[in-house]
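User: I am new to this structure and would like to learn how to read its features one at a time. Could you take me through them slowly, giving the general idea before each case?

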Amino acid sequence: MNEANEMTLTFSARSENEAFARIAVAAFVSQLDPTMEELNDLKTVISEAVTNAIIHGYDNDPDGKVTIEASIKGDVVKLLIKDNGNGIEDLDLARQPLYTSKPELERSGMGFTIMENFMDGFEVSSEPGTGTSIAMTKRIESKKALFN
Amino acid sequence: MSLQVELEHYRNVLIVRLHGELDHHTADIVRFKMEDAILHGSSDHVILSLKQLQFMDSSGLGVILGRYKQLKAKGGQMVVCDVNQGVYRLFELSGLFKILPIHENERLALTSLEVVS
């Protein structure tokens with residue numbers, strides 16, 4: 001049980017893949033028997049990170065590729081969402097709640113705040129012109145634990 | 001995954017029922033349908049009914065906030081009802097529930113608006 005179980009997914013930066021990405025990750029994590037709330041948290045943060053990659057990383061260019069690496073070790077889920085897009089100039093500013101670089105698109109500016117709040121660990125690294133990667137972890141309090 | 005938008009006019013209130021998943025991909029459908037109904041319909045107020053909404057992320061917050069501003073500029077009120085736990089947490093985190101009254105169901109939401117108008 002100490003060897004990590006890994007999964008990698010690469011797909012085009014198209015908005016119709018946002019639902020695919022969060023459902024695929026939810027299906028992978030379901031082997032830990034998460035609660036509905038934990039599953040919803042994971043689906044939401046995947047949706048936020050993938051949407052950011054598509055809108056901000058690639059400016060909606062479908063030729064861009066988004067990669068998700070997910071791993072399970074023990075009861076901890078690790079997620080890495082990467083793009084090779086524009087990158088983020090000012091990370092501190094981007095992480096401010098309600099800040100958005102694209103207010104004309106009705107973005108709420110809540111993406112990073114949601115990721116930080118819904119997960120146990122959250123780290124973002126970005127290089128302008130090279131891309132962005134977001135690493136997140138969450139411990140799943142398996143429902144099975146209640147009965148053991 | 002997709003999203004359906006059901007619109008119903010009741011007196012001077014537009015009831016908007018969302019079915020499915022609201023994300024960046026489906027946010028435009030909500031935006032255009034509601035924008036059109038708010039601008040060209042005869043309703044003063046809007047009830048956003050979320051009982052059948054299975055998923056929402058921050059793109060949903062953006063589109064809801066956009067319609068709230070649009071309606072407010074026209075002097076109308078927007079209220080939300082049947083909010084599930086996941087959506088409630090997003091409303092809480094973003095502070096949206098401070099400007100959008102939340103009601104248990106459509107009937108109570110309608111009652112609250114009839115007091116307003």
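User: Is A:R22 buried or exposed, and what is its relative accessible area?

Analyst: Before the case itself, a word on what we are looking at: this is a predicted model, in which local features need pLDDT of at least 70 and side-chain atom pairs count only at pLDDT 80 or more, while totals for chains, interfaces and linings use all residues. Residues are numbered from 1 along each chain as its sequence is written, chains are lettered from A and ligands numbered from 1 in the order in which they are written, and side-chain values use heavy atoms, with hydrogens and water left out. As for the general idea, buried means under 20% relative accessible area, exposed over 50%, and partly exposed in between, with a 1.4 Å probe and protein chains only. In this structure A:R22 has a relative accessible area of 1%, so A:R22 is buried.

User: With which residue of strand β2 of chain B does A:R22 pair across the chains?

Analyst: The general idea here is the salt bridge, a side-chain nitrogen of Lys or Arg within 4 Å of a carboxyl oxygen of Asp or Glu. A:R22 forms one with B:E21, the closest N and O atoms being 2.6 Å apart, and this pair crosses from strand β2 (residues 13-22) of chain B to helix α1 of chain A. Helices (H or I, at least four residues) and strands (E, at least two) are DSSP runs, numbered from the N terminus. B:E21 also counts as buried, at 7% relative accessibility.

A:R22 meets B:D23 as well, in a salt bridge of 2.9 Å from N to O. Because A:R22 lies in helix α1 of chain A and B:D23 in the loop between β2 and α1 (24-40) of chain B, this pair too joins two chains, and both of its residues are buried.

User: How many salt bridges are there between chain A and chain B, and how should I read the contact as a whole?

Analyst: There are 6 salt bridges between chain A and chain B, and the count over all chains comes to 19. One of those between the chains links A:D41 with B:R89, where the closest N and O atoms are 2.6 Å apart. On the side of chain A that touches chain B, the elements giving two or more residues are α1 (17-29), α2 (36-57) and α4 (111-118) of chain A, and the largest share, 10 residues, comes from α2(A).

Contact in general means heavy atoms within 4.5 Å, and here it takes 28 residues from chain A and 22 residues from chain B. Buried area is the accessible area (1.4 Å probe) that two parts lose on being put together, summed over both; for chain A and chain B it is about 2000 Å², with 51% of it on carbon and sulfur atoms.
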